[in-house]
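Me: I have this one open on my screen and would like to talk through how some of its pieces pack together. Could you take me through it?

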Amino acid sequence: MTQTLLNLLAIAVPLAVGFASLFAFTTWLERKILARIQNRIGPNRISLPFTRFRRLFGLIQPAADGLKMLAKEDIVPRDADKLLHLLAPILSLVPPMMVLCLLPLELPYATAGMRALQAAALDNAVLLFFAITSLNTLAVFMAGWASRNKYSLLGGMRAVAQMVSYEIPLVLSAAVVIMAAGGMNAQAIVEAQRAQWFIFTPWGLAAFLIFFIASLAETNRSPFDLPEAESEIIAGYFTEYSGFKFALFFLGEYLAIFAVSGLAVTLFLGGGAGPWVAAYPALSCVWFLAKIFALIFVMIWLRGTLPRLRVDQLMGFAWKFLLPLSLLNLFVAAAALKLAKPWLSWPVGALVLYGAAVALSRSHRADAAPRTYSYAE
Amino acid sequence: MRLLGFGILKGMAVTLENFVRSYFDRDRRHHLFTKEYAWEPGAPAEVLPARADTTVTAHSRNFPILLHDGADPMGGIRCVACQICERECPPQCIYIEKDYDEQGKYIKRPAIFDIDLSVCMSCQICVEVCPFDAIVMDSQFELSTANRFGGLLQHRDQLLKSNEYYHRIHPEEARARDDRMAQEKAEKEAKQAAADAAKKKAAEAKAAAEIAAEKSKPEPSAPTAGGAA
Amino acid sequence: MSAAAATAAASYSLVRQPAMETGLLEVSMGPHHPSTHGVFRMDVRLDGETVVALKPVFGYLHRNHEKLAEGMSYLASMPFTDRLDYFNSMTNNWAYALAAEQLLPIEVPERAQYLRVIMAELTRLVNHTSLVGFFLNDLGALGTPLLYAFRERERILDLFEQASGARMMCNYFRFGGLRCDVPEGWLARARAVVDAFPRFLDEFEKLLCENEIVLARTQRVGVLSGAQAVNAGITGPMLRASGVNYDLRKVDRYGIYERFAFRVPLGSAGDCYDRFMIRLLEMRESLKILDAALRDIPTGPVMGNAPRVFKPAASETYGRVESPKGELGFYLIADGTTKPYRYRVRPPSFINLTVLEDLCVGHTIADAVVILGSVDIVLGEVDR
């Protein structure tokens, strides 16, 4: 009993503490990267108090931000639904926390007895992952509704429509991997990629791209950040949140990014696989996190580049582009897995998928194209 | 028709280039342009003021100051309280009262010269209309104060700065102004000298004419002389 | 509501669900809203996210500019014109100086004429760079295009500061010339800025002009036909984006613009994309003017023989320039004293804003924000 409890703590505490501090680091990273993309310097001021460490590249900035958030007044609108207003940020934090337990993260101090060092090594991990993450929609809509603010409500409505739509391509692209691995156990999926990561197959690459795009929408990241579009609806569903409740939303959002990136790493990028893992099993965890951060870098990079889509375009993109493509990809994957000559899978698969994507692009973007202009003397 | 997303990739190439170049760009002027104040490293040398202090650049203007020559502020004050700037000031932020001595005689200097910096909009009209080169623009910008009402109301003695200070903050402009003043002064003196000479000449001529008249007309009962008396 | 807006609203039918009580959502966007470019308010009525009606509300920044000007000397209004459209103080100055110089003719020296053109075209660069940056911000880009634009704008503002002492409130023009000459080495610095500028434009075009999201968000959004634009008195890049060839630099040839070879880019669709692109293309033409002006500028005085007291005889005049936002005009009535009897500004942003409802009805709320961004308003000028 105590051993089980200790094991549980050994897993749960690093997850809770580790990812919370990774969240702080990621906010710093995001601000730094965005700043550099925009030719700025980014946070570089806060020094460690009582020490001679001045500045430290602004690494202490998240701590200062957190302190500020804690110290701020918690404002609840007079007409808000106070209970739901309080529950929404908590609910937005719980699902990402739970799904983090499902990631096949092998902690550095893994012993033989604790081989599967995910908190919950379930056989249906992937299914549970999608089941739990869809709870997030509820939290967002709850916040939008409870705030009794028109912008919040608009943001909540947008979030529901968006998350429900993008869940389908997300699941369909993950289904490809489940087909290939023959199960939904996260460990088993990683094991199945020992020979070749799934991203290095044509259907795997297509599924990864669809998955990545859909996960951007699922986590409200640019260019799909409509629920919190600040130039249109102030801050969307968390317009009326301040102080620590706001920080909780923020934390929940970043944990969701970790979770969904972690799932992408599990499904397509071979989990903790990487050079020298066989010699030093502790590296597995490092590789896993490195891959997550590589994906997060791309997310930040996209955020620094792209404007935002409009609601109807966002929905059209999910239903008219991603959905048909991911359905087709299912067939391509099935055919490729049963193909007698495996070397054929690349040319044929790539051709079919690329052709379909181009055809869908054509119908999707209609006549939006750069123009040429005339001049008057 | 290309695949959806090529335009986006092109844009991403631009941002990635900016990201990478921000670390490796040698002169750091194009890809990392943030600077905190103009005197921080990286500011172009030609705009830097002679002394850093809290001046932004050698060309910036902020709020007006009064100039004095020499060491004694009130001894060398240039302002004669003519009140032209008070009349012309667009936001009406200047208030002047003339100074009088014990006999009630106007001595050419201000008793009160207030500028309300919370109203002033740094337009420099006062500098242009001043015929005595008494008011110029400062470039001090750290003026925050705890007192909202009185703190930004600058009085005569706070506004008075030496001509040397002016040379320090706006060297080019100050030199040009001094040159022009010297030239004007020289012109004025020359004019004065010429006027004096002409007067003298006229007086001499008159005297000579009178002597000549005396000689040619010996009668003492001249009507002009009687009128003058 | 105008005719076009009425037809747009009529063609748009509300979805009625008999079983549910649905209604329109009234949202008051502003005056404190991230994308209203100052203190501007749009009272929008939404069906879902679609704009059914929109009422622009302004006046939050009213400063009584015109009436104040009637109570002070002609010169004293000059610094206040800086505050009209605070991105373009130089062209505002020029429009006012032009009007005043028509009241009391003063010969403007050659060098001052050239410097006026240089300043005005640099101002156009400043305005258009900031506009395209803010426009992309309204589209939801997280500041990157805006900061690239500000990077270039900063260099031009440095030039303004070196010439006039202030970065934005320049107050540099005077009746009959300029307040002072540019400092030594300024022309070389300006040349360096102008020469480096095309690099920024190339980068910007690469970043945005083919971006599918930008295309999808801006094309066929907020279409303004040429006839409608003329009817509403729209001027500037917004009018030219609708395909109407009307540029005061070509029509009036004020200053010395007839000496420079430049072209006027014209749009065809009159949508947000055209309004965005026309500004990018205009910057290239401005660079041509700057190039020639910096090459040909002579030496000499910068101030004509202006009287010490500006006191025009009783008369009236209208002076106008092509400000970056459109036709900026000053209508002055002199009564023989040192103060104008009547002083009236024709603000381009205000008049360009009048078609906002026609452009927005039928689009979504996200488009309304983008359309407002593409109109290019500055509240200092709208409210005066």
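Me: Which strands of chain C does helix α4 (residues 89–103) lie across?
Reply: In this predicted model, helix α4 (residues 89–103) of chain C lies across β7, β8 and β9 of that chain, and runs at about 150 degrees to β7(C).

Me: And in what order do the strands of that open sheet come?
Reply: The three strands are arranged β7-β8-β9 in chain C, with antiparallel pairing. The edges are formed by β7 (315–323) and β9 (340–346) of chain C, each of which pairs on one side only, and neighbouring strands are turned by 15 degrees against each other on average when direction is ignored.

Me: How many bridges join β8 to β9(C)?
Reply: Strand β8 (residues 326–334) of chain C is joined to β9(C) by six bridges, the two strands running antiparallel. One pair you can look up is L332(C), whose bridge partner in β9(C) is Y343(C).

Me: Where in chain C does pLDDT stay under 50?
Reply: That is the case over residues 4–10 of chain C, a stretch for which the model has eight contacts beyond four places in sequence. For chain C as a whole, the mean pLDDT is 86, with 95% of the residues reaching 70 or more, while the model itself scores ipTM 0.84 and pTM 0.86.

Me: Switching to chain A, at roughly what angle do α4 and α10 cross?
Reply: The axes of helix α4 (residues 125–133) and helix α10 (residues 243–268) of chain A come within 12 Å and cross at roughly 155 degrees, so α4(A) and α10(A) are roughly antiparallel to each other. The crossing in which α4(A) passes α10(A) is left-handed.

Me: Which residues make that contact?
Reply: From α4(A) come V126(A), F129(A) and F130(A), and from α10(A) come A259(A), V260(A), L263(A) and L267(A). By class, the contact of α4(A) with α10(A) has seven nonpolar residues, with no polar and no charged ones.

Me: What about α1(A) and α10(A), how do their axes cross?
Reply: Helix α1 (residues 2–37) of chain A and α10(A) have axes that come within 10 Å and cross at roughly 95 degrees, and the two helices are therefore roughly perpendicular to each other. On the α1(A) side the contact is made by F19(A), L22(A), F23(A), T26(A), T27(A) and E30(A), which meet F250(A), L251(A), Y254(A), L255(A) and F258(A) of α10(A).

Me: And by class, what does the contact of α1(A) with α10(A) have?
Reply: Here there are eight nonpolar, two polar and one charged residues in the contact of α1(A) with α10(A).

Terms used
Residues numbered from 1 in each chain as written. Chains lettered and ligands numbered in written order. Predicted model: local features only at pLDDT ≥ 70, side-chain atom pairs only at ≥ 80, totals over all residues. Heavy atoms only, no water. Axes fitted to C-alpha atoms, helices over the stretch in contact; angles between N-to-C directions. Helix = DSSP H or I, 4+ residues; strand = E, 2+ residues; numbered from the N terminus. Parallel < 35°, antiparallel > 145°, perpendicular 65-115°, else oblique. Left-handed = near helix turned anticlockwise from the far one by under 90°. Contact = heavy atoms within 4.5 Å. Nonpolar A, V, L, I, M, F, W, Y, C, P; charged D, E, K, R; others polar. Pairing = 2+ DSSP bridges. pLDDT = per-residue confidence, 0-100.
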